[in-house]
Amino acid sequence: MPSMPVKVRSLSRLLQYGLGISAWKQAGATRWALRCNPSSGNLHPTEGYLLIGALPGLCDEPGLYHYAAREHALERRAHLSTALFTALMRGFPAQAFLVGLSSIHWREAWKYGERAFRYCQHDAGHAIGALRIAAATLGWRAALLHGLADESIED
């Protein structure tokens, strides 16, 4: 399968199939979302972020975005200079972008207590798997980055 070009539509598909809402359920007055990636207790502590260069239809300059699943939208969190983005992406292919995952532990902790940390790691693994499958549908390859120092991530 040939690779799809990195465009707003293909990014939309990646995020929808990897981290998005797949359906809504309702029982009486209570309504809740189901997502493409499984989560312990359907609490979904995993949040997705996108670090990407300038892309027509999205941005004229590199930026960091948060993926809002309910709205199926990207929310800009930071502007990056082209020089900084180029330095961060050194060693990656030209069309590469980074997807980052974080966990909001209280979403699990109120229900699962000390087991929440383990469940957040488990849910992040599900999100990684769903993103890899979604990337494959586009002819893309998602690779897990290993060996980043905590200080590098904090920067």
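**Strands, loops and a helix pair**

Mentor: Strands S3 (residues 46-52) and S6 (residues 98-103) run antiparallel and are joined by six bridges. Strands here are DSSP runs of E with at least two residues, helices are runs of H or I with at least four, and both are numbered from the N terminus. Two strands pair if DSSP finds at least two bridges between them.

Trainee: Which residue in S6 does Leu-51 stand opposite?
Mentor: Leu-51 stands opposite Leu-98.

Trainee: How many bridges join S3 to S4?
Mentor: Four, and those two strands also run antiparallel. Tyr-49 has His-66 of S4 opposite.

Trainee: Why is S3 largely enclosed by the rest of the structure?
Mentor: Because six of its seven residues are buried. Buried means under 20% relative accessible area, exposed means over 50%, and partly exposed is in between, with a 1.4 Å probe and protein chains only.

Trainee: How far do I trust the model?
Mentor: It is a predicted model, so local features need pLDDT of at least 70 and side-chain atom pairs count only at pLDDT 80 or more, while totals for chains, interfaces and linings use all residues. Residues are numbered from 1 along each chain as its sequence is written, and side-chain values use heavy atoms, with hydrogens and water left out. The chain averages a pLDDT of 91, and 97% of the residues score at least 70; pLDDT is the predictor's confidence in each residue, from 0 to 100.

Trainee: Where is confidence lowest, and where highest?
Mentor: Lowest in helix H5 (residues 150-154), at a mean of 71, and highest in strand S4 (residues 63-68), at 97.

Trainee: Loops next. What is the phi of His-44?
Mentor: Near 45 degrees, a positive value in a residue other than glycine. His-44 is in the loop between strand S2 (30-35) and S3.

Trainee: Is His-44 buried or exposed?
Mentor: Buried, at a relative accessible area of 6%.

Trainee: And what about His-72?
Mentor: Its phi is positive too, about 45 degrees, and His-72 is not a glycine. His-72 lies in the loop between S4 and strand S5 (73-79), and counts as partly exposed at 27% relative accessibility.

Trainee: Helices, then. At what angle do H1 and H4 pack?
Mentor: Helix H1 (residues 8-19) and helix H4 (residues 116-137) pack at about 145 degrees, with their axes 8 Å apart. Axes are lines fitted to C-alpha atoms, for helices over the stretch in contact, and angles run from 0 to 180 degrees between N-to-C directions.
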